[in-house]
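Trainee: Please take a close look at one part of this structure and at what lies against it. I would like the terms spelled out along the way.

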Amino acid sequence: MHINSPKFKANVTHALADTRLQKALDFTRPSFAGRRGAAVANLPEFEQLRDIGRDIKNHTLAHLDFYLETWAANVEKAGGHVHWCSTADEARAAVLKICQDAGARTVTKGKSMISEELGINEHLEKHGIAPVETDLGEYILQIRDEGPSHIIAPAFHLNREDWEESFRKVHTDLPADRVFNERRDILTEARTRLREKFLAADVGITGANFLIAETGSSVIVTNEGNGDLTQTLPKVHIALASIEKVVPTLEDATSLLRLLARSATGQDFSVYTTFSTGARRQHDLDGPGEYHVVLIDNGRSNMLGTEFQEMLRCIRCAACMNHCPVYFTVGGHSYGWVYPGPMGSVLTPSLIGVDKAGHLPNASTFCGKCESVCPVKIPLPKLMRHWREREFERHLSPQSSRTNLALWAWFARRPGFYRLATRIGAAILGRLGRRKGRFQWLPFASGWTDGRDLPAPEGETFFARYAREQREKNS
Amino acid sequence: MPNTKPRVALFVTCLVDLHRPSVGFAAIKLLEQAGCHVEVPRAQTCCGQPAYNSGDRATARELCRGLLDAFGGYDYVVVPSGSCGGMLREHMPHLFDDDPNTSARADALAARTYELVSFLTDVMGVKSVDAAYAGTVTYHDSCAGLRELGIKAQPRALLASVDGLKLTELADAEVCCGFGGTFCVKYPEISVRMVSDKTKSIAATGADTLLAGDMGCLLNMAGRLKREGSPVKTRHVAEVLAGITGDLPPIGEGRG
């Protein structure tokens with residue numbers, strides 16, 4: 001996927017001026033947080049489950065090589081194939097080869113963020129294979145040639161009018177009087193079109209929410225059932241999964257599933273939770289003839305053993321972005337790559353480089369809401385701060401802010417000078433602002449005063465006044 | 001019995017020192033009313049948060065080392081800010097994780113440090129204050145105080161004892177106001193939009209006064225309210241609890 005993260009500030013300006021986007025954000029914001037809140041309130045052991053989820057993931061990451069090898073051996077035992085891929089290039093090549101070996105012309109796809117990360121669609125198209133997204137949101141985004149703005153609700157930034165407009169653009173046989181007033185109207189239209197695609201596809205590609213070491217299974221959760229049609233109808237099923245998706249046992253997976261749906265959509269459980277183990281056996285009624293898992297590293301193993309390892313606990317529930325006031329101000333596209341919101345602000349620099357994604361960990365108030373709702377307790381603000389430290393060490397932060405910081409630090413380390421400087425500054429500003437109590441403009445303060453008044457200080461600093469009052473008391 | 005009084009060091013914070021010294025005096029008054037002996041160590045400047053959150057760990061550590069010296073030997077350190085309090089309690093000790101000689105002192109200081117209002121209620125057992133305020137107030141829960149220090153009920157409990165004061169809850173009281181330290185000037189467009197969401201919620205309460213426990217958030221919200229021409233008055237919660245609002249104009253309002 002094209003990287004737009006370096007243009008974060010321009011993306012933000014654009015997003016704030018986009019009235020349609022702002023309407024969609026305002027419309028969705030309360031429901032995301034509200035649904036999770038209600039689901040969590042209904043499960044008294046939710047907080048303990050978060051600890052369990054964190055511990056399962058920590059244990060697995062500490063023994064990742066063991067669990068991946070166990071899982072892969074069990075996949076092979078069940079008649080499946082594992083393709084170990086270090087890089088995005090290798091993963092793209094592996095997917096293409098499987099498709100070409102199957103003689104594929106059409107490939108259906110379930111929603112998969114790692115597919116976006118790898119740019120699978122572009123790669124297949126370049127080689128004459130037509131990928132068809134079957135998740136409702138991804139389907140409309142494919143029509144519009146847009147990336148997802150959210151990791152579980154990829155097209156929530158669109159309004160009803162946007163959907164109708166896009167459908168009419170490509171479904172040119174639509175009668176002019178066809179109405180798209182309700183969600184159901186949109187769904188029916190997509191379902192009708194997709195039904196033919198499901199039946200025509202040669203290969204189905206899905207992601208994986210979990211890989212289970214003890215059984216060699218992959219797990220997907222969906223609410224539309226499109227994932228099941230994608231992975232059972234075609235001759236060949238390819239599951240794309242990154243290395244941190246593995247968990248030791250079925251029981252571990254079910255513990256995490258209890259956290260996932262509640263954190264994501266506020267459901268107790270997703271509508272469809274599907275376990276795939278190997279290819280279709282002789283007496284199975286359905287299922288693919290071939291089952292492949294393309295296992296992808298693409299930078300993740302570099303995070304192991306670093307302060308960013310905790311990020312690999314992420315189960316992609318989107319609770320962090322669903323509760324993030326910055327995300328709901330700027331929308332997902334502003335972040336400029338696959339993963340938006342707080343989890344993206346930690347993961348994106350790890351995967352594409354902090355030199356390109358440097359804005360993301362800085363564009364946070366560290367309000368801490370994301371960490372408080374994370375089902376596996378990833379300390380997201382702390383990890384964003386670690387990125388800021390890396391940027392500071394590598395002199396990637398802007399020179400002006402480094403200079404200001406150094407100047408401030410010089411005074412802050414010297415209480416005597418600091419007292420003098422603040423005393424003079426407060427006195428001047430206090431005098432100038434005494435009548436109105438605030439400034440509408442001050443030199444070098446446009447970052448503050450463009451959108452806010454700057455309240456004036458009282459005039460005498462605390463320490464000046466305290467010293468004066470102590471003297472008066474003693475005399 | 002002056003000897004039994006806990007010796008409390010006030011950490012004034014840089015924004016209170018520079019911008020709103022009255023909050024420091026309100027804190028002293030409240031602490032003394034609660035039976036504390038209050039001192040203000042002179043060798044204090046800032047908790048180091050601007051450096052810490054800008055990725056400059058070395059400077060943050062150096063400033064915190066200064067605080068370890070300045071605030072050693074007191075029974076408690078009290079801060080009229082959840083953000084600076086959170087820095088000292090939750091973050092500062094980790095700056096010395098790899099320095100065993102300092103680590104124990106840092107842990108000890110962190111354990112003795114409290115945000116002002118929660119110190120009054122949770123440590124000193126204060127149940128009510130002797131203050132009056134005629135008006136309807138609403139309260140914004142600043143992020144660090146709320147999520148790092150668990151401050152939510154304490155200010156409301158004390159505000160309930162203020163004569164004439166009526167509290168009306170703010171929708172989204174727990175949503176960040178968009179201040180975020182240097183964030184507010186590094187990403188002003190986002191910050192201003194966030195604080196505008198906040199001022200909308202404030203207006204919807206119908207309250208005439210906005211209170212919070214952190215100067216950063218207060219300057220941000222007051223600045224936006226005034227830019228919008230709002231009549232809502234903004235004050236630090238300590239000003240109301242200490243009953244010093246009489247001759248102190250609200251934040252961002254003048255004397256003439």
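Mentor: In chain A, 75% of the contacts with a separation of 6 or more are between residues 24 or more positions apart; a contact means that two C-beta atoms, placed from the backbone, lie within 7 Å. This is a predicted model, in which local features need pLDDT of at least 70 and side-chain atom pairs count only at pLDDT 80 or more, while totals for chains, interfaces and linings use all residues. Residues are numbered from 1 along each chain as its sequence is written, and chains are lettered from A, with ligands numbered from 1, in the order in which they are written.

The part to look at is helix α11 of chain B, residues 188-205. Helices here are DSSP runs of H or I with at least four residues, numbered from the N terminus. The axis of α11(B) comes within 9 Å of that of α12(B), residues 215-227, and the two cross at roughly 75 degrees. Axes are lines fitted to C-alpha atoms over the stretch in contact, with angles from 0 to 180 degrees between N-to-C directions. The two helices are therefore roughly perpendicular, a label for 65 to 115 degrees. On α11(B), B:V195, B:S196, B:K198 and B:T199 meet B:N220, B:M221, B:R224 and B:L225 of α12(B). These residues comprise 3 nonpolar, 3 polar and 2 charged. Nonpolar covers Ala, Val, Leu, Ile, Met, Phe, Trp, Tyr, Cys and Pro; charged covers Asp, Glu, Lys and Arg; the others, Gly among them, are polar.

Helix α11(B) also meets chain A: its axis and that of α1(A), residues 8-17, come within 9 Å and cross at roughly 35 degrees. Here A:V12, A:T13 and A:L16 touch B:E189, B:I190 and B:R193, giving 3 nonpolar, 1 polar and 2 charged residues.

Terms used:
Parallel < 35°, antiparallel > 145°, perpendicular 65-115°, else oblique.
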